[in-house]
Amino acid sequence: MTTRRDRALTSRGLWQAVLAVSLLYVAVSVMALTYGSSDFGGWQVVSGLVSGELTPSQHAIVWHARMPRILFAGIVGAALAVGGAVFQAVLRNPLADPYILGISGGAALGGTLLLALEAAVFGGAMTYLGQLSPPIAAFIGAMGTLSIIFGVARWTPAGRTGNYVLLLTGVIVNAFASAVILFLKSVVSARKAQEMLFYLMGTLTVEGLSFQLIASVGGVVLACLAAIIWYARDLNVLSLGDDEAAALGVDVERTRWWTVAIASLAVACAVAFTGLIGFVGLVVPHGLRLVVGPDHRVLIPCCALGGAAFLTGADLLTRASFAVFSTTLPVGVVTAFVGAPLFVVFLWRNLRQDAEGVR
Amino acid sequence: MTLDAHLKPTGLFLSILLVLACVSGCERPGESTGDNADETASETADDKKAPRVLEAASDELPDEPKRIVSLAPNITETLFALGVGDRVVAVTNFCDYPPEVESLPSIGSFSNPDFETILAKKPDLVVGITSGGDKSVADKLEGAGVPYAFLRTYTVQDTLEMFEAVGDLVGRSDAGRRLAARIEQDFEDVRQKYSDASVPTLLVYGHDPLVAAGPGTFGHQLLEMAGGKNVVADSDKKFPRLDLEKVLALQPERIIDTSMRPEQAEGSYWDQHTGLKAVQSGGVVHLTDPVVLRPGPRIDEGLRRIVDAIHDAEGDSR
C-alpha cells in the first residue's frame, strides 16, 4: 500500500485536500456559532439569523459573545498551526512549536512589563491606547526577542549550524524572560501579580474586541500566510538539509530569515491578544502531514484551515463545558487535553508508516 | 513551581486557581486606587453626583432593575440585605451567602465570568466590584448594551458608601442608607469599647508568600478598630510580604491567620515556628470563614470575630 506521502503532489490533489479541510473548518465554525454556554442553540440560531428575528439578548449572544471568539479562534489557530509547520521545517526539529524561538517569553515579558510599570512609565501612552496597550506591549516584546535571537544568530560564527544557534538562543531567551517575569511578580503588589497571571494565561475571551480590530489582525495574519505559501517550495527543499538546499540553488540564510520572520509576525499578532495557547502549533502540522503529506505547498494552506478548525472546535468545547463545570476553562486546557493524545496517535501512525516503508 | 510553568497555560491555570482559592470572596490584596477614583468622580459629578465608589457604570441605568446579575460575593450579600434578593437572577461560583443563592444559576468564577451566560440571563443590571482579575467585563457589557455598574470596596469607608450606592442602583436608597448607618454604628461601638487596648497583632492572608495586612487596608482598619495594634502598620506596602525572620523580629502577640487552605487551618504552619511568642502563648487564631474580611453587610460579624481573636485568643479555636 502506498501512503499519501509517497505520491507526488498533483494540482488536483492539492485542491481536493484544501477543499476537504475548508469544509471541515466551515462545519466547525457553524457548530461553534450555534452552540455555546447558554441554552440558546441549534436550529433556533440558524432560523433566527436567517429570518432576522432575534431577541435583543439572542442578538447580543450571537454577535457579541460568540462571533468575536469564533473569528479570533480561526485567526489564532491558523497563525499557530502555520507557525508550527514553518518552524518544524526550518529548524528541522519535529518538536518545534511556534513559541520555541522566544516569542512566548517575549510577548509575556512585554505585557508583564507594561502591567508592572504602567502608571509610572507608560501613563500617557496607556491612556491613549487604552485596552489595546497590553497587546501592543506584548507584540513589541515578541518582536524584540526575535530580533535579539536573529542578532545573536547572525553574529555567531556558526556557519552550517545556523538552526541550532536559533534554537538554543530561543530557549535561553524564553528562560530568561520567565525569570524576569517571576522577578516582576515578586516585587509588584499582589493585585498586579494577579493581573499578570490573567494576562499570561491563554484565553479566547476576546468578546470586547471590535470587529474592525479583529479584521485588521485577521488581515495581517492572512497576508503572512500568503507570503509563507509563496515560500512553500523553498521550505520543501530546506527541510532536506542546509547543504542539499544550497546545492539545489536555495539561498538558505535568506529563506530561513524570511520564513521565520513572517511566521513569527503572524504568531506574535495572535499571541498578543490571547496569551499563550499550547499544542495547536504542534499537533495540527503533525496530524496534517500524515493526511496530506509533507509537501509544504499543500501542507501550509491545510495547516491554516486545520489550525483554525482545531482552535475553533477547542473553543467551542471550552464554552460548552461551562454547563458541566459552571466555570470558564482556559482554552489551553482543552487544546492540551485533545492535543496530547492526538499527538501520540500521530506519532504511532508515523512510526508505523516508516516501518512499512522500510519493508 | 518551575520557571517554565509560568509560560505554560496549564500550569498557570492551576496557580491561578490556587491564588483565587486563597483570596476569593474576601478583601482583595491590592492597592486602593483613590487618586483615579477621585478624578472619575469629579468628571462625572457635573449633572448628577455620582458616588465616589462607583468606578464604572453605563450611561443608561434602570431606576428599578428587575433582573440583576451579581459578579461578587459581597455584592450578592448586599443585594439580599437590601431586600432585592428576589430580583437577583444569577451570581458567581463564590457567592455562598445567604443560603438562597445556592439555588441561583452561576455565571462562572468571580474573576473570570462567562460572558455568554451573563447575556443569556437577560439582565437589566450587572453589578460587580472593580478588584477582579478581568477588567474587560465592563467593556464587553458596554459593547453588548447591557447596563452595568462596578464599585470599589477596598476600605471600610468604601464599603459603607458601597451600601448606599447599591441602594441607589436598585431603587432602595433608604435601605442602603439604613444599612450603612447600622454598620457604622456597630463599628463606632466596637471602636469606643476597645479604644484603650492595643494588642500587637499580625493579620495574615496567606503563607506562600506570607502576605499580611498593611496600613490602610480593610484588614488593617478592622484590626485597629478591634483594639489590635498592627505590627506592620509602618510598612510602605499595603500588602507587605514577610519572611519568617521578619515575623520573629516583630513578635506579635496575636497572629490572625485568614488563609483558607485546609491543611493550614490545622495550625501546622505556625506550630513549627516555636520561637514565636504568639505560638508559645497560644495566640495564633485561624479565621477561615470568608465573612471575616468580606466587605459586605455581615462585616459587623467579621469584626466581632476579630475582636474575639484579639481579646480572648486562649479560649478560641486552637
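This is a predicted model: local features need pLDDT of at least 70, side-chain atom pairs count only at pLDDT 80 or more; totals for chains, interfaces and linings use all residues.
**Entry 1: helix H6 of chain B**

I looked up H6(B) and found that it covers residues 156–169, which makes 14 residues, and that it reaches 20 Å from its first C-alpha to its last, close to the 20 Å expected at 1.5 Å a residue. I then asked how many of the residues of H6(B) are buried. The count is 10 of the 14, so the helix is largely enclosed by the rest of the structure. Among these buried residues I noted Val156(B), Leu160(B), Met162(B), Phe163(B), Val166(B) and Leu169(B), and also Asp158(B) and Thr159(B). The buried residues of H6(B) pack against helix H3 (73–81), strand S4 (125–129), strand S5 (148–151), helix H7 (173–193) and helix H8 (218–225), which belong to chain B. After the helix comes Gly171(B), and I wrote down that its phi is positive, near 75°.

**Entry 2: the five-stranded sheet of chain B**

I followed the strands across the sheet and found five of them in the order S1-S5-S4-S2-S3 (chain B), forming an open sheet with mixed pairing. Strand S1 (54–57) and S3 of chain B stand at the edges with a single partner strand each, so one side of each is left without a neighbour in the sheet. On average, neighbouring strands of this sheet are turned by 30° against each other, with direction ignored.

**Entry 3: strand S6 of chain B and its partners**

Next I turned to S6(B), residues 199–207, where eight of the nine residues are buried, so the strand is largely enclosed by the rest of the structure. Which strand does S6(B) pair with in the antiparallel sense? It is strand S7 (residues 210–212) of chain B, over three bridges, and a hairpin of two residues joins S6(B) to S7(B). In this pairing Gly206(B) has Val211(B) in S7(B) as its bridge partner.

I then looked at the parallel pairings. Three bridges join S6(B) to strand S8 (residues 228–230) of chain B, and the two run parallel, with Val199(B) opposite Gly228(B) in S8(B). Four bridges link S6(B) in the parallel sense to strand S10 (residues 254–257) of chain B, and there Leu202(B) has Ile255(B) as its bridge partner.

**Entry 4: strand S10 of chain B**

In a regular strand the side chains alternate between the two faces of the sheet. I checked S10(B) with this in mind, and Arg254(B) and Ile256(B) point one way while Ile255(B) and Asp257(B) point the other way, all of them buried. S10(B) also pairs in the parallel sense with strand S11 (residues 284–286) of chain B, over three bridges, and in S11(B) the residue opposite Ile255(B) is Val284(B).

**Entry 5: helix H12 of chain A**

Last, I looked up H12(A), residues 280–292, which has 13 residues and reaches 17 Å from its first C-alpha to its last, close to the 18 Å expected at 1.5 Å a residue. This helix is mostly covered, with 12 of its 13 residues buried, including Pro285(A), His286(A) and Arg289(A). H12(A) is followed by Gly293(A), whose phi is positive, near 90°.

Methods: Residues are numbered from 1 along each chain as its sequence is written. Chains are lettered from A and ligands numbered from 1 in the order in which they are written. Side-chain values use heavy atoms; hydrogens and water are left out. Buried means under 20% relative accessible area, exposed over 50%, partly exposed in between (1.4 Å probe, protein chains only). Two strands pair if DSSP finds at least two bridges between them. The expected span of a helix is 1.5 Å times one less than its number of residues. Contact means heavy atoms within 4.5 Å. Axes are lines fitted to C-alpha atoms, for helices over the stretch in contact, and angles run from 0 to 180 degrees between N-to-C directions.
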